[in-house]
Amino acid sequence: MNRREFIKLSGLLGTGAVAPSIFLSGCSSKPLPGDGLVKKTPTICDMCFWKCAGFVYSENSKPWKVVGNPEDLHSSGRFCTRGTGGIGAYLDRDRLKTPLIRQTDKEGRQSFREASWEEAIKLIAQRMQAIAEKHGPDRLALLHHGTGARHFEHLIRAYGSDSHAEPAFAQCRGPRDVAYKLTFGDILGSPERTDMANSDCIVLIGSHIGENLHNGQVQELSQALDKGASLITVDPRFSVAASKSKYWLPIRPGTDIALLLAWMHVLINEELYDQEFIEAYSTGFDELAEHVQAYPPEWAYLQTGLKPDLIRETAREMASYAPATLVHPGRHTTWYGDDTQRGRAMAILAALLGSWGRKGGFYIQEKVKLPKYPLPHYPEPASESHVVAHKGRFPIAKKTVSQALIEASAGPDAYYKGWIVYGTNLPSSIPGIRPKLKEAAETLELIVVVDTMPAEITGYADVILPECTYLERYDILRNSGARVPSVALRMPAFEPRYDSKPGWWISREIGLALGLEKYYPWKDYSEVLDWQLKAANSSLKEMEKLGVKDFPRKKPLYFTAENPPHFWTPSGKIELYCQQLADAGFDPMPRYTAPMEPPENFYRLNYGRMPAHTFGKTTNNPLLFQLAPENTLWVNPIVAKKWKLQSGSYIRLQNQDGITSNPVRVRVTERTGLDAVFMAHGFGQRSNKMRLTHGAGADDSELMSRLLIDPIMGATGMRGNFVTFVKEQGVG
Amino acid sequence: MTVQYAMVIDTRLCIGCGDCVVACKTENKVPAGLNRDWIVEATSGKYPELHTEFRSERCNHCSHATCVAMCPTGASHNWRNTNIVLVDANKCTGCKACIAACPYDARLIMHPDGYVDKCTFCHHRVEHGLDPACVSTCPTRCMHFGILNDPGSKVSQLLKSRRYKTLMPGTGNQPNVYYLI
Amino acid sequence: MLEELLVTPRFNPKVDPLLGIWTWEISVYLFFGGLTAGIIVFAALAALNKKDAVRSFSANSLALWAPIVLSLGMTTLFLDLEHKLFVFRFYTAFVPTSPMSWGAWILMIIYPVTILQILSTLRPGYPLIAGFVDRISIGRWVLDLTSRYQREIAIVAIPSAVALGIYTGILLSAFNARPFWNSGLLGVLFLVSGLSTAAAMVILLAKEKAEKHWYVRMDIGLILVELVVVALLLINLATGSEQHLKALEYLTSLNGYALAFWVFFIGLGLMVPLVVEFRELVKEHRVLALLGPILVLLGGYLLRHITVNLGQETAWQDYRMEHNPQLLERVKLNYKTEN
């Protein structure tokens with residue numbers, strides 16, 4: 001086994017030649033956009049996970065624009081910033097262009113060489129077979145993100161493994177999903193079942209809608225605000241949402257649970273909660289009522305810095321609009337290591353307001369009944385990754401914790417022997433993972449990276465496979481739970497550029513090379529789609545015109561007398577008191593623990609999203625790069641004065657463990673408080689093959705060397721890190 | 001001028017997401033690195049007493065457009081007797097007088113091919129009854145477009161019922177992008 | 001505090017981060033334009049005062065310089081155009097609201113006027129050339145005709161040249177968007193400065209001491225007038241609106257144009273030549289006799305240079321940018337041929 005060293009892709013591909021600009025000046029008038037031959041193709045956006053349906057336009061066979069499909073409920077015909085910039089994903093000149101294979105020269109230097117698909121797939125199949133024979137197929141794991149991953153899930157399951165993990169769980173939605181499942185016995189879904197368009201009061205606690213651009217929610221929040229809904233935003237930073245709020249609660253960071261408990265205290269003690277709803281549908285109210293007596297607003301004031309009157313006033317405000325009061329569950333919720341409990345507190349608050357299953361709160365999602373394409377059963381895998389990777393930890397996590405799977409892949413005795421990494425740049429999506437990643441890369445017998453861009457993760461690969469972008473391929477049908485069930489189609493608007501291929505094709509070729517023909521009885525994935533669509537009373541032909549098709553609902557949108565709720569919890573009710581947690585040795589009701597305080601001259605590292613980008617996935621997109629080419633570090637003017645920082649100058653950050661960041665541009669602004677600095681996530685790309693974004697801005701995740709792990713489900717709490725300033729010489 | 005087109009942008013809904021900027025770039029095939037519109041954020045006050053306003057800004061298609069007045073060749077002109085200001089690339093010498101003439105700085109840009117380029121209010125869409133690309137893509141629906149001398153139009157209604165401002169009315173240019181506040 | 005900034009970066013060429021549409025080409029053009037105006041005026045004035053034999057160079061030979069100097073200016077003006085093939089568009093329209101359009105047409109008058117001026121004084125001014133022309137019958141007829149109407153030609157030339165001189169200033173002052181330019185005094189200033197530079201040029205070119213002295217006296221007068229106009233301009237800014245006050249700051253700030261304006265333009269370009277030229281009247285000095293007019297010419301250029309550059313930097317609004325706009329260069333570099 002060769003030791004695998006990290007290869008920067010720089011040595012391989014020369015910078016693309018830039019054609020000289022042509023001096024065009026004739027006397028004919030310039031053609032107007034759309035004057036030429038226009039073609040329109042349906043798609044499902046893949047710039048983030050919201051999956052909005054839209055149309056791709058080309059003019060005279062050149063890519064032109066992407067716009068929302070007016071019939072689509074995810075987007076209401078309007079794409080967000082990133083979706084509108086989708087053409088940039090296709091145009092990106094830094095895309096992976098051909099399969100690449102790691103090679104070692106006579107001096108022992110490793111590099112990548114271009115290879116044919118045939119050779120690359122043969123190599124992968126050989127190594128996969130070797131792993132299956134030597135260790136068993138379940139020792140191959142898939143690390144993934146995005147819709148295209150389903151083709152590779154299919155591949156590894158056909159091969160005999162069910163080991164897979166995505167950072168979307170332990171680095172993002174996990175704690176929230178676990179908490180709501182424990183409380184209501186149901187999932188929030190994606191898009192979430194928030195009925196914001198009909199809410200009269202919306203509570204955002206840490207969620208910064210507007211900076212995260214979850215399209216449907218941004219639109220619904222705006223609609224609600226336009227109608228005059230009351231917005232309560234809890235955020236230490238004056239977020240965009242805070243600036244639109246009736247009440248902004250600039251809470252002391254890390255003290256959300258104290259506020260949530262105090263709100264419950266007020267709702268219960270002032271009998272403002274939905275008594276009928278609670279009585280009919282919940283268990284454990286008495287325990288909860290007793291539990292929250294210890295947490296009056298006066299107590300919370302000391303923790304949160306929010307005046308007791310304000311806490312009472314906002315609690316009454318929420319109650320006055322209930323059940324059309326939405327306590328938004330947020331999405332990225334891995335913060336302080338007690339995140340499942342925080343999610344529980346939010347769920348309980350929503351229950352007290354009676355908003356679950358009610359108009360203006362949380363509606364009931366419905367999907368289209370879409371049969372699966374008939375395929376033979378997968379072989380029974382020899383192990384389950386969450387069991388193998390968790391090693392008895394994180395008892396409530398039913399999904400695999402990504403960093404645990406990586407740990408279980410590091411070292412000569414590691415369980416996992418091979419990886420397929422699909423669509424996720426692990427070093428930046430899992431904080432502090434680089435050392436383990438390096439360790440795992442040294443012993444794993446195969447690392448395949450399937451991606452569209454030469455992000456940092458590709459440097460760890462044995463084989464890099466260039467997937468074409470979503471604009472150049474068929475993919476699985478979209479069938480998300482929603483107000484109205486619908487299916488949506490993604491189909492190629494353009495031929496795959498360079499020597500890139502669709503995910504389904506790659507999966508199938510590897511499958512065939514492994515002798516798994518029976519799992520790929522089709523030649524082209526469009527056959528699968530057509531079969532499924534016909535079974536649902538449509539057809540590929542129809543969908544290639546429509547893009548989206550709605551189907552009638554079978555059940556009402558909200559709970560009604562005729563449609564009584566059902567909760568898939570052990571008790572069949574909303575569990576205010578959670579026996580499952582108690583049985584596993586955790587607090588059955590949320591309790592507050594104070595966050596760590598930063599040492600002198602250190603500030604909390606607060607991070608978030610910016611509307612132009614989906615993490616680091618879009619920062620090299622030539623259209624979106626122009627909108628936000630770097631992240632900036634927000635510093636309060638008083639802090640800036642103390643450190644003599646000026647807007648526009650560059651500075652490095654150093655965290656409590658001495659880790660120093662890239663230079664980052666300072667923005668002195670009142671929008672952040674005295675104890676925290678803020679930056680958007682997704683920058684400081686280390687791959688110099690991503691020529692636009694390489695080295696621009698700083699990477700927040702590399703400063704997160706102290707992770708606060710949620711013992712309940714393994715989430716990596718990222719907000720326990722403190723930073724100080726290191727003056728940058730010669731820049732700015 | 002027979003028809004006065006106006007854009008009305010609700011700063012109370014605008015989140016500064018920049019979708020309008022990208023939509024403009026793709027719709028109008030704006031050369032790489034150039035902008036016909038942009039987002040300004042204005043924050044006033046002191047933490048935690050703050051107010052933030054976002055504004056999507058572009059050419060104001062002024063009723064008294066100094067760029068048209070200053071153009072020596074008639075390249076800068078009003079489209080079909082409306083307030084929409086266009087530049088005819090075939091008449092433009094690249095003298096840049098229009099750029100100097102714009103008090104809103106940079107509503108006009110140099111196209112790499114040498115002529116002056118600018119926001120057109122997407123007149124190619126307007127003539128088909130469509131909203132400009134920026135307006136039609138805005139996810140918050142904070143942007144509105146229409147005819148101001150039609151009292152029944154949405155833009156007229158909004159200006160009648162809401163408080164608003166324009167940018168630097170003191171220039172005398174009579175801008176036609178309005179911001180609801 | 002009010003924090004007002006561009007949250008999407010903007011790096012439109014010649015516009016961001018500071019307006020920089022016009023550089024030396026326009027300054028040179030304005031300088032030569034003013035110089036041309038001065039040349040024509042002095043040539044015409046001398047031609048009208050035939051009895052004053054002192055100014056024989058101005059009366060007979062100076063006019064030839066006008067089209068040469070003007071053509072140099074027109075060349076740099078052309079160099080500034082970004083869409084050069086379309087330069088003819090200046091002459092397919094007349095836009096009465098546009099000073100630049102006026103300018104284009106004024107130049108169309110200036111050229112024939114200077115040609116007539118040259119022809120009307122060709123025989124005394126350039127006998128060798130006139131000798132050749134006189135050999136052709138139509139040439140002789142033209143020279144006869146123009147020298148007969150020399151006086152009338154001079155009378156037409158003066159207002160045309162004054163229009164040109166004023167135009168070089170009005171071109172800038174018509175932009176209300178640029179507070180520093182936005183004063184009608186700029187027209188007067190550029191005219192006076194143009195006359196002063198032309199006088200300096202004659203001092204350098206004329207051979208007769210008496211003619212040189214006439215222009216030294218004239219130049220002293222013009223410099224004094226110029227100083228007064230500059231003072232008025234500054235008072236105008238100092239008593240103006242917020243934008244004007246901000247523009248004035250550029251002239252008082254060391255990071256701005258304070259050094260160029262006060263030391264080089266006012267000091268070396270006006271005050272020093274004033275002193276030198278006074279001294280020249282009292283006691284002649286070979287080197288100083290050259291120094292004075294050369295400084296006047298340099299000062300004349302500097303005035304245009306400072307005005308053109310500074311004026312562009314003054315604006316009604318001034319947004320800072322959240323991001324480093326220069327990062328957009330990466331896109332321009334890598335995506336030249338694609339949107």
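**Reading a predicted three-chain model**

Modeller: Start with a helix pair. Helix H8 (residues 256–269) and helix H13 (residues 339–352), both of chain A, pack at an angle of about 20°, their axes 10 Å apart. Keep in mind that this is a predicted model.

Colleague: Is H8(A) roughly parallel or roughly antiparallel to H13(A)?

Modeller: The general idea is a cut-off: angles under 35 degrees count as roughly parallel. The angle here is about 20°, so H8(A) is roughly parallel to H13(A). The crossing of H8(A) past H13(A) is left-handed.

Colleague: Which residues of H8(A) and H13(A) make the contact?

Modeller: From H8(A) come A:Asp256, A:Ile257, A:Leu260, A:Leu261, A:Trp263, A:Met264 and A:Leu267. H13(A) supplies A:Gln341, A:Arg342, A:Ala345, A:Met346, A:Ile348, A:Leu349 and A:Leu352. By class, the contact of H8(A) with H13(A) has 11 nonpolar residues, 1 polar and 2 charged.

Colleague: Now sheets. What is the order of the strands in the open sheet of chain A?

Modeller: First the general idea. Strands of a sheet pair through backbone hydrogen bonds, in a parallel or an antiparallel way. In chain A, an open sheet of 3 strands runs in the order S1-S2-S3, and the pairing is antiparallel.

Colleague: Which are the edge strands?

Modeller: Look for strands that pair on one side only. Here they are S1 (38–44) and S3 (62–68) of chain A. Neighbouring strands of this sheet are turned by 25° against each other on average, direction ignored.

Colleague: How many bridges pair S1(A) with S2(A)?

Modeller: There are 7 bridges between S1(A) and S2(A), residues 53–59, in the antiparallel sense. For a landmark, find A:Ile44: A:Ala53 in S2(A) stands opposite.

Colleague: How many residues of chain C are in contact with chain B?

Modeller: On the chain C side there are 48, in contact with 47 residues of chain B. Three elements of chain C each supply at least two residues of that side: strand S1 (2–6), helix H4 (99–120) and helix H14 (329–334). S1(C) gives the most, with 5 residues. The side of chain C that touches chain B holds 27 nonpolar, 10 polar and 11 charged residues.

Colleague: How many helices and strands does chain B have, and why is it called as compact as a globular protein of its length?

Modeller: Chain B has 6 helices and 10 strands. Its radius of gyration is 16 Å, close to the 16 Å that the globule rule gives for 181 residues, so chain B is as compact as a globular protein of that length. The C-alpha trace of chain B spans about 50 × 35 × 30 Å along its principal axes.

Colleague: Next, the backbone. Where are the cis peptide bonds to look at?

Modeller: Check omega. A:Ala322 and A:Pro323 are joined by a cis bond with omega about 5°. A:Pro323 sits in the loop between helix H12 (308–321) and strand S12 (325–327) of chain A. In chain B, the bond from B:Tyr47 to B:Pro48 is cis, with omega near 0°. B:Pro48 lies in the loop between S2 and S3 (49–57) of chain B.

Colleague: What is phi of A:Asn537?

Modeller: Phi of A:Asn537 is near 75°, a positive value in a residue other than glycine. Find A:Asn537 in the loop between helix H19 (525–535) and helix H20 (540–546) of chain A.

Conventions: Residues numbered from 1 in each chain as written. Chains lettered and ligands numbered in written order. Predicted model: local features only at pLDDT ≥ 70, side-chain atom pairs only at ≥ 80, totals over all residues. Contact = placed C-beta atoms within 7 Å. Helix = DSSP H or I, 4+ residues; strand = E, 2+ residues; numbered from the N terminus. Nonpolar A, V, L, I, M, F, W, Y, C, P; charged D, E, K, R; others polar. Axes fitted to C-alpha atoms, helices over the stretch in contact; angles between N-to-C directions. Parallel < 35°, antiparallel > 145°, perpendicular 65-115°, else oblique. Left-handed = near helix turned anticlockwise from the far one by under 90°. Pairing = 2+ DSSP bridges. Rg over C-alpha atoms; globule rule 2.2 N^0.38 Å.
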